[in-house]
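Here is a short tour of one protein model, written for someone new to reading structures. Keep the picture open while you go through it.

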Amino acid sequence: MKIAVIGGSGLIGGQLTAGLARKGHEAIAASPRTGVNALTGEGLAEALVGAEVVVDVANAPSFEDAAVLDFFERSSRNLLAAGRRAGVKHHVALSIVGVDRVQGNGYFRAKVAQEQLIAASGLPYTIVRATQFFEFVATIAAASVAGDRIVVPDADFQPIAAADVASALADVAVQAPRNGTIEIAGPDRLPFRDVVARRVAVSGDGREVSVDRSAQYFGAALEQGSLVPEDGAAARLGLTRFETWLTAA
């Protein structure tokens, strides 16, 4: 099966392309690095020739509210139009658990807009919502610095290894379209503070990690379950535990 991976040179895309190739599929890593730009449309038609499946894991170069919204809207419109012309049979996109439940975060708003465009496109599709990646926890910690402390919201957290995200996407790509959404998460649901504190400790940062109910997550207020699967029983769980990943990181 020929599968075009949009954003195929990134953290998830690189692992996904390699995983699909190991399974015998013709996996095309489509990104600006390989001459394919979903934002401008450059190279899309050529990359999608003969492709049965498109997996969109591209990320915006800027997270500023207006820029990120423009990126996901324009790139999705271009990609969906190219997919219709190429006769793509399954459009898969990576999104975020809780994306429609968290208010105040421009990136989440942009991903909701992307999801809506996909659902209305007429193409068979599956949206895979993932929790935050283990690889992103250090960035979360850095964004949560308040003076000599790190202050995080009072919420639950269930991050997942990027490798497990790529594995789940590889499975979804070769299955029938859901025409809906599935959720994937890490194996352990923990307090937000515990995850960040463990990552900070491993890095040698001695700052205290504390909880404040008014603390925000990149501009968004969180409830206890904002960033974890709505239906934990139905979510696909990754195999890699955070402690195991930390040991190897």
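## Ground rules

Let's start with a word that comes up a lot: a contact means heavy atoms within 4.5 Å. This is a predicted model, where local features need pLDDT of at least 70, side-chain atom pairs count only at pLDDT 80 or more, and totals for chains, interfaces and linings use all residues. Residues are numbered from 1 along each chain as its sequence is written, and side-chain values use heavy atoms, with hydrogens and water left out.

Helices (H or I, at least four residues) and strands (E, at least two) are DSSP runs, numbered from the N terminus. Two strands pair if DSSP finds at least two bridges between them. Strands of a sheet pair through backbone hydrogen bonds, either parallel or antiparallel.

## The seven-stranded sheet

In what order do the seven strands of the open sheet come? Read across, the order is β2-β1-β3-β4-β5-β9-β14, and the pairing is parallel. At the edges sit β2 (26-30) and β14 (236-237), each of which pairs on one side only.

Now zoom in on β1, residues 2-6. With β2, strand β1 makes five bridges in the parallel sense, and A4 stands opposite I28 in β2. With β3, strand β1 pairs over four bridges, again parallel, and here I6 has D56 as its bridge partner. Next along, β3 and β4 run parallel and are joined by four bridges, with V55 standing opposite V92 in β4.

Helix α3 (residues 65-86) lies across β1, β3 and β4, running at about 175° to β3.

Buried means under 20% relative accessible area, exposed means over 50%, and partly exposed is in between (1.4 Å probe, protein chains only).

## The three-stranded sheet

There is also an open sheet of three strands, in the order β6-β7-β11, with mixed pairing. Its edge strands, β6 (145-146) and β11 (208-211), each pair on one side only. Strand β7 (residues 149-152) runs parallel to β11, and four bridges join them. One spot to look for is R149, which stands opposite E208 in β11.

Find Q103 in the loop between β4 and α4 (106-119). Q103 is exposed, because its relative accessible area is 59%. Which residues does Q103 touch, not counting those up to four places away in sequence? They are G219, A220 and A221. Q103 and G219 are 116 residues apart along the chain, yet their C-alpha atoms are separated by 8.6 Å.

Q216 lies in strand β12 (residues 216-217). At a relative accessible area of 48%, Q216 is partly exposed. Leaving aside neighbours within four places in sequence, Q216 is in contact with P153 and A221. Q216 and D154 are 62 residues apart in sequence and 9.4 Å apart in space, C-alpha to C-alpha.

## Two positive phi angles

N179 has a positive phi of about 50°, although it is not a glycine. Look for N179 in the loop between α6 (162-173) and β9 (180-185); with a relative accessible area of 46%, N179 is partly exposed.

F218 is not a glycine either, and its phi is positive at about 50°. F218 is found in the loop between β12 and β13 (220-221), and it counts as partly exposed at 38% relative accessibility.

Methods. Axes fitted to C-alpha atoms, helices over the stretch in contact; angles between N-to-C directions.
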